[in-house]
Amino acid sequence: MSGDKLAHPGGWATHPDNPAWYRRLLAAASEVAIIATDTQGVITVFNRGAEKMLGYPAAELVGRQTPAAFHLAEEVAARAKEMSVALGRPVTGFRTFTTRPDLAGSEKREWTFVRKDGRRVTVSLVVTPVCDDDGATCGYLGMAVDVTDRVRATRELKTLARTDPLTGLANRRVFAEAAEAEFERCKRFDTTAALLMIDIDHFKAVNDARGHEAGDKALVALANLLTATVRTTDVPARYGGEEFVVLLTGTTLAGAADLAERIRERTARITAPSPSGAFGLTISIGATVFTPGDKDWTEALRRADQALYQAKSTGRNKVTAAA
């Protein structure tokens, strides 16, 4: 053996000049997908971690396929379009994965991988050019880690932070953000928008007589009705307790009052279940619009709340509109 081989702490068996050492190293990385390609995208290395992540045996892909085989086609197309616009030249095919690494030395990005069985996996993928002794790119190395659970947990946390957990509607904070943005838009473009404030009549009596579970079902039933009745551009939200609000974009006071009346009538026709039998609901609604004199959107909200109070104090199960 040469002096270099003898001097290596692990001996020739673990010396980096031994190809078997590289094979064992790749095999040991069972939790990381390591995929190498030539400059045309043909796969040259597909380690055990890649097999585990994607469900393909290495023999099925090495030498015959490109990474596009397990990428989500629409995601790749969107990325190619994005890069083409940014760089001012067409980026297509395998260059979608290699252009940034060629320019910057590497690229780390989340992608969706599609397993052989069709299941999707979100991965964090680092792509790096591989150079020969003369510094010329002779291939590319991709290292991917499954981040599906982390991404799912992050999305769930964002959803929880922005929705009411019982009804699935937007929560108070999200509604405030939407109302403020719409108020500013109305001021800038001289357009109009309306607010509805909705309250379930005698809700405390429902909880007391039929139980809180029945009360929850009543809230869900009303939330579902609101979602089914308003437009996709509108924002229904649970504002607190039995109180709901709806932001109606591009809507006049007359239009808001008409919609409010429709919601009231439909609510009077629905029933919610309880252990003691199904029961009906009625609601009271206050409607208003943003006006040029409003300093901010909360002034309109207070006006809608006052209209709601008038509807409740004059018999309930009615709509009151206030300019």
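## Overall picture

Of the 323 residues in the chain, 41% are buried. The model described here is a predicted one, and the secondary structure of its chain comes to twelve helices and twelve strands. Along the principal axes, the C-alpha trace of the chain spans about 100 × 50 × 35 Å. The radius of gyration of the chain is 30 Å, whereas a compact globule of 323 residues would have a value near 20 Å.

Contacts in the chain can also be sorted by how far apart their partners stand in sequence. Among the contacts between residues at least 6 apart in sequence, 55% join residues that are at least 24 apart.

## Helices α5 and α6, and what surrounds them

The axes of α5 and α6 come within 9 Å and cross at roughly 40 degrees, which makes α5 oblique to α6. On the α5 side the meeting involves Val76, Arg79, Ala80, Met83, Ala86 and Leu87, and on the α6 side Thr96, Phe97, Thr99, Arg100 and Leu103. By class, this contact of α5 with α6 has seven nonpolar, two polar and two charged residues.

Helix α6 covers residues 95–104, and within this helix Thr96, Phe97, Thr98, Thr99 and Pro101 are buried. The cover over the buried residues of α6 includes α5 together with the strands β3 (107–114), β4 (120–131) and β5 (137–146). After α6 comes glycine 105, whose phi is positive, near 100 degrees.

In the loop between α4 (58–61) and α5 (73–87) lies histidine 71. Its relative accessibility is 7%, and histidine 71 therefore counts as buried, the cut-off for that class being under 20% relative accessible area.

When the neighbours within four places in sequence are left aside, histidine 71 is in contact with Val76, Phe97, Trp111, Thr112, Phe113, Val114 and Leu125. Two of these partners return from the section above: Val76 belongs to the α5 side of the meeting between α5 and α6, and Phe97 belongs to the α6 side.

## Threonine 167, between α7 and α8

Threonine 167 is found in the loop between α7 (148–162) and α8 (172–189). With a relative accessible area of 11%, threonine 167 is buried. Apart from its neighbours within four places in sequence, threonine 167 is in contact with Leu219, Val220, Ala223, Arg238 and Phe244.

## Helix α10 and its two partners

Helix α9 (residues 203–210) and α10 have axes that come within 6 Å and cross at roughly 140 degrees, which makes α9 oblique to α10. Phe203, Val206, Asn207 and Arg210 of α9 make this contact with His212, Ala214, Gly215, Ala218 and Leu219 of α10. Sorted by class, the residues of the contact of α9 with α10 are five nonpolar, three polar and one charged. Leu219, which takes part here on the α10 side, is also one of the residues in contact with threonine 167.

Helix α10 (residues 212–229) also packs with helix α11 (residues 253–269), at an angle of about 140 degrees and with the axes 11 Å apart, and the two helices are therefore oblique to each other. The crossing in which α10 passes α11 is right-handed. In this contact α10 supplies Leu222, Leu225, Leu226 and Thr229, while α11 supplies Leu259, Ile263, Arg266 and Thr267. The residues of the contact of α10 with α11 divide into five nonpolar, two polar and one charged.

## Loop residues with positive phi

Most residues other than glycine have a negative phi. Histidine 202, in the loop between β6 (193–200) and α9, has a positive phi, near 50 degrees, without being a glycine.

Arginine 316 likewise is not a glycine and has a positive phi, of about 65 degrees. Its place is the loop between α12 (297–313) and β12 (319–321). The relative accessibility of arginine 316 is 31%, so this residue counts as partly exposed.

Key
Residues are numbered from 1 along each chain as its sequence is written. This is a predicted model: local features need pLDDT of at least 70, side-chain atom pairs count only at pLDDT 80 or more; totals for chains, interfaces and linings use all residues. Side-chain values use heavy atoms; hydrogens and water are left out. Axes are lines fitted to C-alpha atoms, for helices over the stretch in contact, and angles run from 0 to 180 degrees between N-to-C directions. Helices (H or I, at least four residues) and strands (E, at least two) are DSSP runs, numbered from the N terminus. Angles under 35 degrees count as roughly parallel, over 145 as roughly antiparallel, 65 to 115 as roughly perpendicular and the rest as oblique. A crossing is left-handed if the near helix is turned anticlockwise from the far one by less than a right angle, and right-handed if clockwise. Contact means heavy atoms within 4.5 Å. Ala, Val, Leu, Ile, Met, Phe, Trp, Tyr, Cys and Pro count as nonpolar, Asp, Glu, Lys and Arg as charged, and the others, Gly among them, as polar. The radius of gyration is taken over C-alpha atoms; the globule rule is 2.2 Å times the number of residues to the power 0.38. Buried means under 20% relative accessible area, exposed over 50%, partly exposed in between (1.4 Å probe, protein chains only).
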